[in-house]
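I set out to record how parts of this structure pack and pair. My entries follow in the order in which I looked things up.

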Amino acid sequence: MCLLPFCSLFFALFQSAAQPPAALHATVRSDFLYLASTRTTAAEYWISGDKLYEKRGEQIRIERRDLGLTWLIDPQKSSYTERKTPPDSPAPPAAAQEDVHTLGFDYQPEFVWEVKDTAETQVLHGRTCRLTVATGIAEFAETTLRLWFCPAAREHERRLNDVLVGFSGIRYRGIAGFVASQLKQRPDTALLLMEETTEPPIAPLMKRKVQVGTLEITAPPPGIFDVPPGYQKAPARP
Amino acid sequence: MRTALISLPLLLVAAAAGQPAPRLPQPVVTELKRLEETYRVLDFVAQKVWPGWNTYRKTPFLLDYENGLRVLIGHPNPPPQFQAVPDFKVEDKAVFADWTAVTPKPLLAPLRADGGPIPFGAGPDGHPLEVVHMSFRSVPSKPSESAESESPEALAEDQMLVYIHELFHCFQRELPARRMYGNLQYNPDVTYAVYSELEGLALERAYLETDAAKGKQFLADFLAARRRKRASSMNTFEQNQESFDEFNEGTAVYSEFRTLEILKAGGFAPKLTATQDSDYHGFSDPDRFLRRYPDRLKRTAARTEDPRSKSYEYGCFQAILCDRWFPGWQSSVAGATEFIDRELGRRLAVPEDEWPRIEQRLQQTYPFAEIQKRHTTAIEARDNAYRALKARAGRVYVIDFKKTGQYVPGAIAGAPKVYRLGLINMYPEGVGAVKFDEVEVTGLTAPAEANQLYYLRLIDTDWRQREKPYTLDGTPQPDGTFKNAVLRTPLFTLKAPRVRILQAGDLVKIQVLARVKE
């Protein structure tokens with residue numbers, strides 16, 4: 001059986017063989033409701049194989065895993081900085097030795113999760129997506145996630161899942177890690193809409209909605225995965 | 001004690017019926033009058049406190065009360081739950097109130113508030129807008145353990161000085177190109193504690209010294225102690241955070257101090273009257289308040305824990321001494337030198353080869369051995385308490401007071417011992433009891449910690465012997481909560497107007513949802 005989104009993606013990729021390789025083009029928007037105001041951020045992505053282009057406001061980041069490099073582009077100064085891209089799965093850091101100077105400040109909740117795959121569905125980008133509700137309880141925090149999992153094309157949208165979680169600005173590692181683990185357990189899915197409600201230990205309630213806007217396979221603008229011609233390399237910040 | 005009671009049923013009925021909101025309770029009205037008087041005080045002093053400080057009317061205020069009432073003053077775009085308070089303004093600023101979450105808890109004067117600038121709502125441009133947020137709480141008849149110097153007295157002038165302090169924070173953000181370093185998050189070791197106290201003593205000696213040459217020697221002592229402390233105990237980031245806090249909090253305290261000095265020189269005509277506010281005396285005796293600052297410096301210096309709390313007094317006294325001996329320091333720290341201690345170093349210009357001699361002087365002319373012994377004992381006890389708490393394993397009970405807005409350390413009285421690491425207050429010999437309004441936790445003899453301000457955490461090491469983690473009497477509600485709850489566990493008994501119980505793995509989390517019966 002060929003699910004419609006898979007088929008269209010397959011044909012799009014196939015047809016583009018003689019042209020510049022097709023890329024995934026997506027926009028992502030995050031609405032963060034906190035202290036009676038909503039802060040909206042948006043980003044545009046182009047993803048092709050090991051190459052990723054991200055534009056947030058005026059900031060552009062190009063990740064070239066094929067070269068092991070990441071460039072941060074500053075269009076206003078016509079300059080860029082370069083740093084090495086960390087590998088996909090870096091070795092887990094050795095357990096840091098406890099330092100009494102910093103104990104008790106940085107609280108990272110360790111959530112115990114209850115996950116419910118519901119029967120609720122909605123159509124996003126022509127795909128039937130299913131709602132999973134996850135509730136996390138930690139000693140000094142609680143969170144509820146509403147994750148809309150949709151059928152996906154593996155090759156491109158797996159990267160989109162990664163960037164979506166990174167883009168979302170989720171405050172706690174435990175939440176971002178949980179979403180990543182859910183995506184890993186569901187390799188054929190894309191996360192196109194995520195809602196987070198978190199009661200942090202001290203600060204007021206936080207609500208966040210992250211959704212994918214544009215989602216298409218198309219030929220990328222020429223040179224989008226390269227440093228624009230004429231840009232000067234600037235020293236990277238330490 | 002004066003009491004202002006708000007009738008909850010009346011409020012809810014009025015709100016539900018879309019009727020005009022009820023009148024503001026008298027303690028709130030009094031506070032708004034104080035805010036008006038604060039602006040008049042600032043009209044008189046602000047330019048003398050810091051050149052260019054004239055934007056203090058710009059920032060809206062958000063007043064937050066323990067009964068859930070919120071009052072917003074001068075906000076250009078109040079969130080929808082805030083209703084305009086008719087016929088009431090602070091100067092020309094509109095006043096709005098949010099009655100939607102008001103509980104029957106009475107507002108009992110005297111009240112005291114602290115807080116700071118936060119983003120709240122959005123301005124006309126849609127961007128988050130900064131307001132001065134003040135959380136009011138009842139002044140305890142007896143000081144709690146968390147407020148060692150808190151007096152049950154609540155003078156209007158004290159509250160106005162808090163407003164001035166917070167408004168000065170807003171002004172700091174207008175200073176050119178200030179880099180942000182964040183607050184110091186640091187637990188002292190013995191070296192830090194010793195040399196930090198020497199810093200404070202040196203500042204005190206410099207303040208009391210009238211001879212400029214001798215005073216500057218004490219300032220060199222301060223810098224020598226700082227060099228030694230930082231070289232052995234802090235990384236560059238932490239050093240910058242410490243100096244950043246001293247600028248932020250220190251100059252805000254300095255703005256209070258300078259306000260009082262300027263008022264002491266005379267010429268200010270109060271407009272708020274004793275009839276309107278019986279706790280206000282028109283700053284007729286500024287010395288009464290000024291005396292507290294050197295007292296606080298001395299007390300703070302001797303403290304082993306909580307280095308950040310020292311930034312208020314240490315920064316303030318560095319600023320006061322700069323005023324005395326280094327004119328023009330304000331424009332310098334608002335620009336190139338950035339930190340007050342860096343400015344002191346630039347002005348004193350101690351030759352590099354002088355420092356060993358000055359450091360030697362610290363050991364000879366200050367009670368070094370006594371200080372070292374005291375802090376060594378305190379830090380060993382703190383670290384032992386941490387190790388003992390960390391070694392406990394079993395079923396975890398967390399009592400969560402966040403919904404009530406109650407800081408746990410502020411509701412504990414009489415705990416035999418308490419030690420602090422970061423946001424953890426450790427009670428190795430138990431807490432005794434937690435009490436506020438109609439909430440009571442008793443029987444707390446097991447080692448415990450108050451963590452992240454709102455949570456009390458205990459571990460039942462014998463949990464395998466227990467049949468059940470708790471028993472609960474109360475009236476179940478459709479939303480899964482329990483009213484008039486009495487919860488009994490092997491480690492404590494909790495009585496509260498409303499609770500919710502969450503269980504996950506070995507964690508039993510009890511959320512206290514109300515301070516008083518609804």
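**Entry 1: two helices.** I began with helix α8 (residues 292–301) of chain B and helix α9 (residues 310–325) of chain B, whose axes come within 9 Å and cross at roughly 125 degrees. That angle makes α8(B) oblique to α9(B). I noted that angles under 35 degrees count as roughly parallel, over 145 as roughly antiparallel, 65 to 115 as roughly perpendicular and the rest as oblique. Axes are lines fitted to C-alpha atoms, for helices over the stretch in contact, and angles run from 0 to 180 degrees between N-to-C directions. Helices (H or I, at least four residues) and strands (E, at least two) are DSSP runs, numbered from the N terminus.

I found that Y293(B), R296(B), L297(B) and T300(B) of α8(B) meet K310(B), E313(B), C316(B) and F317(B) of α9(B). Two residues are in contact if their C-beta atoms, placed from the backbone, lie within 7 Å. I sorted the residues of this contact into 4 nonpolar, 1 polar and 3 charged. Here Ala, Val, Leu, Ile, Met, Phe, Trp, Tyr, Cys and Pro count as nonpolar, Asp, Glu, Lys and Arg as charged, and the others, Gly among them, as polar.

**Entry 2: basis of the model.** The model is predicted: local features need pLDDT of at least 70, side-chain atom pairs count only at pLDDT 80 or more, and totals for chains, interfaces and linings use all residues. Residues are numbered from 1 along each chain as its sequence is written, while chains are lettered from A and ligands numbered from 1 in the order in which they are written.

**Entry 3: the sheet of chain A.** I traced an open sheet of 12 strands with mixed pairing, in the order β7-β8-β9-β10-β11-β1-β2-β3-β4-β5-β6-β12 (chain A). Two strands pair if DSSP finds at least two bridges between them. At the edges I found β7 (112–124) and β12 (232–233) of chain A, each pairing on one side only. Helix α3 (residues 173–185) of chain A packs on the sheet and touches β7, β8 (127–138), β9 (141–151) and β10 (189–199) of chain A.

I then followed β7(A) to β8(A): the two run antiparallel and are joined by 10 bridges. K116(A) has V133(A) in β8(A) as its bridge partner. In their hairpin, with 2 residues between the strands, H125(A) takes a positive phi near 55 degrees.

**Entry 4: between the chains.** Which strand supplies the largest share of the side of chain B that touches chain A? I found that β7(B) does, with 5 residues.
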